[in-house]
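Hi,

Here is the structure I promised to pass on. Have a look, and my notes follow below.

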Amino acid sequence: MPYRIAKTLTFESGHILSKHKGRCRFPHGHSRTVEVVLAAEQLDANDMVCDFKAVKRSLESLLDRWDHALCLNTADPGFIDLQRTYGERVVAFAGTDPTTEVMARTIFEALQQRLHEATKESAAEFPISPGVRLERVRVTETATSWAEYSA
Ligand SMILES: Nc1nc2c(c(=O)[nH]1)N=C([C@H](O)[C@H](O)COP(=O)(O)OP(=O)(O)OP(=O)(O)O)CN2
């Protein structure tokens, strides 16, 4: 596909990697950047793959759910207590550590679903054509590390 666009959003979140042998098994946080890339064979009626605003709006509710939240494996020994204490600010990852790879895949799957729904909204302020494809999602962990999930 010859046309590609990228949109970047940021959020702050904590996580615990329960399987990690080093310090990452303790609670810690990251200022994360999420970059998503969409592609299209041809441009829409506005001469765009789709409006950057459409991408941002499609991602906002998921990232708002993760912002200033603690991402946890449901198998973590502290999961039940932390969820009881912090409620919705604990984000459950069912039986898997919330590594950057898992977060990238989770965002990819949620955004792909959301884009699919958006293509059916004919009166949308920022429409998304059915031919638009989500190519990849990159999530940063630190200034020196990131993970990517692609179609
Ligand atoms: N493949 C992955 N490896 C690691 C992950 C991950 O999600 N996927 N996560 C961590 C930790 O959460 C850690 O906070 C980040 O690790 P790292 O990049 O090694 O962080 P440092 O600040 O220690 O990096 P240096 O460049 O060594 O200073 C671990 N691994």
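**What I found**

Helix 3 (residues 100–118) has 19 residues, which at 1.5 Å a residue should span 27 Å, and its end C-alpha atoms are 26 Å apart, so the two agree. The expected span here is 1.5 Å times one less than the number of residues. Helices (H or I, at least four residues) and strands (E, at least two) are DSSP runs, numbered from the N terminus.

Before you go further: this is a predicted model, where local features need pLDDT of at least 70, side-chain atom pairs count only at pLDDT 80 or more, and totals for chains, interfaces and linings use all residues. Residues are numbered from 1 along each chain as its sequence is written.

Back to helix 3: its buried residues include Met 103, Ile 107, Leu 111 and Leu 115. Buried means 20 or more other C-beta atoms within 10 Å of the residue's own, with C-beta atoms placed from the backbone. The buried residues of helix 3 pack against strand 2 (28–40), helix 1 (52–66), strand 5 (133–142) and strand 6 (145–150), a contact being two such C-beta atoms within 7 Å.

Then there's strand 3 (residues 69–73), with four of its five residues buried. Strand 3 runs parallel to strand 1 (residues 3–15), joined by three bridges, and Ser 13 sits opposite Ala 69. Strand 3 also runs parallel to strand 4 (residues 90–93), this time with four bridges; there, Asn 73 faces Phe 93. (Strands pair if DSSP finds at least two bridges between them.)

Overall, the protein chain has three helices and six strands, in the order β-β-α-β-α-β-α-β-β from the N terminus.

Cheers

Key. A residue is buried if 20 or more other C-beta atoms lie within 10 Å of its own, exposed if 12 or fewer, and partly exposed in between; C-beta atoms are placed from the backbone.
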